Amino acid sequence: FNAGFAHGDRKICVQQISPKKAPAREGEAAERRLFEDRQHEIDAAVVRAMKARKVLGHQELLDEVFSAINFSATAGDVKKRIESLIER
């Protein structure tokens, strides 16, 4: 097998496909849906943790929620969701 051999008559040209640009509205709508889904997931994690343990300190609750969710969230985000659940 001669790896250095190149035939001069045969060449293959592959066209590159440019990605289609999505309208800005679709991106905003998808981002909004993702944000809402994450809020619901945080809510569910908080409720699950509190039902399982009945009494938890704030830091313990944050640790439980962070271990339950699959995405990165800040402590402020979780605090807002906890306050929202308390108001309901």
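Me: Does arginine 88 count as buried or exposed?

Reply: Arginine 88 counts as exposed, at 66% relative accessibility. Buried means under 20% relative accessible area, exposed over 50%, and partly exposed in between, with a 1.4 Å probe and protein chains only. Before we go on: this is a predicted model, in which local features need pLDDT of at least 70, side-chain atom pairs count only at pLDDT 80 or more, and totals for chains, interfaces and linings use all residues. Residues are numbered from 1 along each chain as its sequence is written, and side-chain values use heavy atoms, leaving out hydrogens and water.

Me: How many salt bridges does a search of the whole structure find?

Reply: The general idea is that side chains of opposite charge can pair when their charged atoms come close. A salt bridge is a side-chain nitrogen of Lys or Arg within 4 Å of a carboxyl oxygen of Asp or Glu. The search of the whole structure finds 3.

Me: Which residues are linked in a network of salt bridges?

Reply: Asp43, Arg81 and Arg88 are. Aspartate 43 pairs with arginine 81, with the closest N and O atoms 2.9 Å apart. That pair links distant parts of the chain, helix 1 and helix 3, 38 residues apart; helices here are DSSP runs of H or I, at least four residues, numbered from the N terminus. Aspartate 43 also meets arginine 88 in a salt bridge (3.4 Å, N to O). Arginine 88 lies in the segment after helix 3, so this pair ties together parts 45 residues apart in sequence.

Me: What are the relative accessible areas of aspartate 43 and arginine 81?

Reply: Aspartate 43 is buried at 7%, and arginine 81 is buried at 14%.

Me: Where does the salt bridge of arginine 53 lead?

Reply: To glutamate 64, with the closest N and O atoms 2.9 Å apart. Arginine 53 lies in helix 1 and glutamate 64 in helix 2, so the pair ties together parts 11 residues apart in sequence. Arginine 53 is partly exposed at 48%, and glutamate 64 is partly exposed at 27%.

Me: Which residues of helix 3 are buried?

Reply: Val78, Arg81, Ile82 and Ser84. They lie on the same side of helix 3 because they cover an arc of only 160 degrees around the axis, taken from the directions from the helix axis to the C-beta atoms. On the other side, Lys80, Ile86 and Glu87 are exposed.

Note on methods: Helices (H or I, at least four residues) and strands (E, at least two) are DSSP runs, numbered from the N terminus.
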